[in-house]
Amino acid sequence: MGTEPLDPAAAATAYAAPPPRGAAFDAWRDWENRDGAHGLVAAGILAANARNVQPWRFTVDDGAGRVDLYADLTRRQGALDPFDRELHVGLGCALENMVLAARARGLAPELTLLPDPGRPEHAATLRLTPGERVPSELYDAIPHRRTNRGPFRREPLPRALLDEIGALAADDPGAPALLWFADEERRARVAHLLVEATEAVVADEGQSLAGHRWYRGTDGAVERHRDGMTVDTQGMSRTMSSLGKRLPAPSRRTADRFWLRNTRSVHVATAAAFGMVTVADTDDPALRMRGGRLLQRVHLFATARGLAVGHLNMMTVRADRERELGLPPRFGKALDELVGDAGGRTLVTFRIGRPARLAGTSPRRPVATVLGADAG
Ligand SMILES: Cc1cc2nc3c(=O)[nH]c(=O)nc-3n(C[C@H](O)[C@H](O)[C@H](O)COP(=O)(O)O)c2cc1C
């Protein structure tokens, strides 16, 4: 895929990439049509979330000004996320969108994480009272943010810009932190480990199967499920994407090979820098959600500045798998070495750069489908 021609003109319009037609993408168009607490759910479901499993449910009490967020444990990733680390990060991403939406629409949100210690799937409560309208470029970026799996332009980002993004992390001790891997040597080290970790995921039958379960290879499957990984979001040119959708859906092994090849020749090869969100304890669901909020902020800020973000979590996915199966902690150790003196543990990793190609839009299940505390 790295040999496909790039389209620099597309990069200039990356912010305005329109969602395609089809009910599976309505959520990106309708998101501002609802008021009050329901409107916050409409913003929440547009958040980044691992493999687009959309691991959330919501209950809404507009009269009382309250929204509750629940983990949908029927949408776990299994061997790819054995300890629900990514699940909680995705819930945190949704919460960030909801908090931004509340403020932008004149509601003061009071957020409580894990409000019911006896019910850990009850992730958060947002209480809403009338407040000042706080518009923000992050809020405006919500419907334009996309995970970009295409090539980035081969140019470094100014250190001042990375520092500006780094300042999105709160200063207080215990808050999730943001680390950059931008100089040649550190970037190359992360790139190398990411490719090795992808090889390890692909070689692990359980993880390969868990990933393929969420692959939606045709437009019909996308409309039916409205979740998962689609052909249009794989970072290919439009021509290659439409060709891909006309061919029979690839086998698991073919899809794995495509992913590994793209990781090596596109994702890590064209990254301007890698970023990492760290927290003191990656087993703490509240810290995972706080880390997810930071990750979503970073992605929205990048979107607002015309930058592209691609999430690359194969190292942490392997570190969790090593722990689950009692394997030698190859990637667990490598991650600790990368973090080094900065302290903390790796929650998520991503690449950032200037986009060379528009990213495709991922589907979403509509608000009505994700209402109710229990999966239907
Ligand atoms: C915790 C987390 C982990 C993710 N890991 C990866 C990853 O390893 N590789 C990847 O291509 N995308 C990854 N993503 C991106 C999701 O697949 C993406 O957010 C989802 O498909 C929805 O697409 P969107 O971000 O364009 O809305 C991750 C996202 C989150 C929040």
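1. **Before you start.** This is a predicted model, in which local features need pLDDT of at least 70, side-chain atom pairs count only at pLDDT 80 or more, and totals for chains, interfaces and linings use all residues. Residues are numbered from 1 along each chain as its sequence is written, and side-chain values use heavy atoms, with hydrogens and water left out.

2. **Two domains.** The protein chain is assigned domain 1 (8–144 + 361–370) and domain 2 (159–353); such bounds come from an automatic or database domain assignment. Their centres, taken over C-alpha atoms, are separated by 20 Å. Across the two, 48 residues of domain 1 are in contact with 42 residues of domain 2, where contact means heavy atoms within 4.5 Å.

3. **A sheet in the order 1-2-4-3.** Helices (H or I, at least four residues) and strands (E, at least two) are DSSP runs, numbered from the N terminus. Two strands pair if DSSP finds at least two bridges between them. Four strands form an open sheet with the order 1-2-4-3 and antiparallel pairing. Strand 1 (56–61) and strand 3 (107–113) are at the edges with a single partner strand each, so one side of each has no neighbour in the sheet. On average, neighbouring strands of this sheet are turned by 20° against each other, direction ignored; axes are lines fitted to C-alpha atoms, for helices over the stretch in contact, and angles run from 0 to 180 degrees between N-to-C directions.

4. **Bridges to strand 4.** Seven bridges link strand 3 with strand 4 (residues 122–130) in the antiparallel sense. Leu 111 has Leu 126 of strand 4 opposite. Helix 4 (residues 85–104) packs on this sheet and touches strand 1, strand 2 (66–71), strand 3 and strand 4. The direction of helix 4 makes about 160° with that of strand 3. Strand 2 and strand 4 also run antiparallel, joined by five bridges, and Tyr 70 has His 122 in strand 4 as its bridge partner.

5. **A sheet in the order 5-8-10-9.** Here too, four strands make an open sheet with antiparallel pairing, in the order 5-8-10-9. Strand 5 (177–181) and strand 9 (308–311) are the edge strands, each pairing on one side only. Neighbouring strands of this sheet are turned by 30° against each other on average, direction ignored. Strand 5 and strand 8 (residues 273–279) run antiparallel and are joined by five bridges; Trp 180 is partnered by Gly 275 in strand 8. Helix 12 (residues 285–304) packs on this sheet, touching strand 5, strand 8, strand 9 and strand 10, and its direction makes about 5° with that of strand 10.

6. **Helix 8.** Which residues of helix 8 are buried? They are Gln 207, Ser 208, Ala 210 and Gly 211, in a helix spanning residues 205–212. Buried means under 20% relative accessible area, exposed over 50%, and partly exposed in between (1.4 Å probe, protein chains only). Seen down the axis of helix 8, its buried residues fall within an arc of 165°, so they line one face of the helix; the arc is that of the directions from the helix axis to the C-beta atoms. They pack against helix 7 (184–203), strand 6 (215–216), helix 11 (252–267) and helix 13 (314–325).

7. **Helix 11.** The buried residues of helix 11 include Arg 252, Phe 258, Leu 260 and His 267. The buried residues of this helix pack against helix 7, helix 8, helix 13 and strand 10 (345–353).
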